[in-house]
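The sequence and the model come first, and the commentary follows.

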Amino acid sequence: MGINQPSNLNTSRMQSITNPQAGTAAPDFTTQNTTGKTVHLKDFRGKKLVLYFYPKDDTPRCTVESCGLRDQYQKIRELGAEVLGVSVDSVESHQKFTEKFHLPFQLLADTDKSITKAYGVLNDKSNMARRVTFLIDEHGKILKTFETVKPDQHPQEILDVLKGKL
């Protein structure tokens, strides 16, 4: 067991080093959105982007977070930002989740886990995304990373940052 511990520590350190940091370019991506349309990070240049990663569609905490963002979506847009949700679920799963909860923003299907890996948020144990949000500026650079996300408080936290309160 003692032999494995340094390896695990090194892996954790390596993963945190590969996470994109504030001030660096957000990793580009190409994937399908809720409607099956291909989207790229560059499609959102010129506006801020709230890129939130969550584990799974239609689960209690993910629903609370997504519906909270839905409820604050107009205010987020008024502050010059767009919202995108990312999980490893399929386009079909995203469509059902979007329809059930009337989500006004796009969800991105990361079925090959390339986006979650690029952003350093893949949970190796569950093979799903960790609950992490990146605020990306108009030029594609990371402004802020929210590593500790409380689903019921997160939408207000995002609004506060966009308003310059945090």
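Phe53 is buried, with a relative accessible area of 0%, where buried means under 20% relative accessible area on protein chains only with a 1.4 Å probe. Phe134 likewise counts as buried, at 1% relative accessibility.

The model is a predicted one, in which local features need pLDDT of at least 70, side-chain atom pairs count only at pLDDT 80 or more, and totals for chains, interfaces and linings use all residues. Residues are numbered from 1 along each chain as its sequence is written, and side-chain values use heavy atoms, with hydrogens and water left out.

## Aromatic pairs

Searching the whole structure gives eight aromatic pairs, meaning rings of Phe, Tyr and Trp (its six-membered ring) with centres within 6.5 Å, whose planes are stacked under 30 degrees apart, edge-to-face over 60 and tilted for the rest. One of them joins Phe53 and Phe134, and because the ring centres are 5.9 Å apart with planes at 85 degrees, this pair is edge-to-face. Phe53 lies in strand 3 (residues 48-53) and Phe134 in strand 8 (residues 132-136), so the pair ties together parts 81 residues apart in sequence; strands are DSSP runs (E, at least two residues), numbered from the N terminus.

## An aromatic cluster

Tyr52, Tyr54, Tyr73, Phe97, Phe101 and Phe105 form one aromatic cluster. Tyr54 is buried at 0% relative accessibility, and Phe97 is buried at 2%.

## Cysteines

Cys62 is buried at a relative accessible area of 2%, and Cys67 is buried at 12%. The disulfide count is zero, a disulfide being a pair of cysteine sulfur atoms within 2.5 Å.

Technical notes:
Buried means under 20% relative accessible area, exposed over 50%, partly exposed in between (1.4 Å probe, protein chains only). Helices (H or I, at least four residues) and strands (E, at least two) are DSSP runs, numbered from the N terminus.
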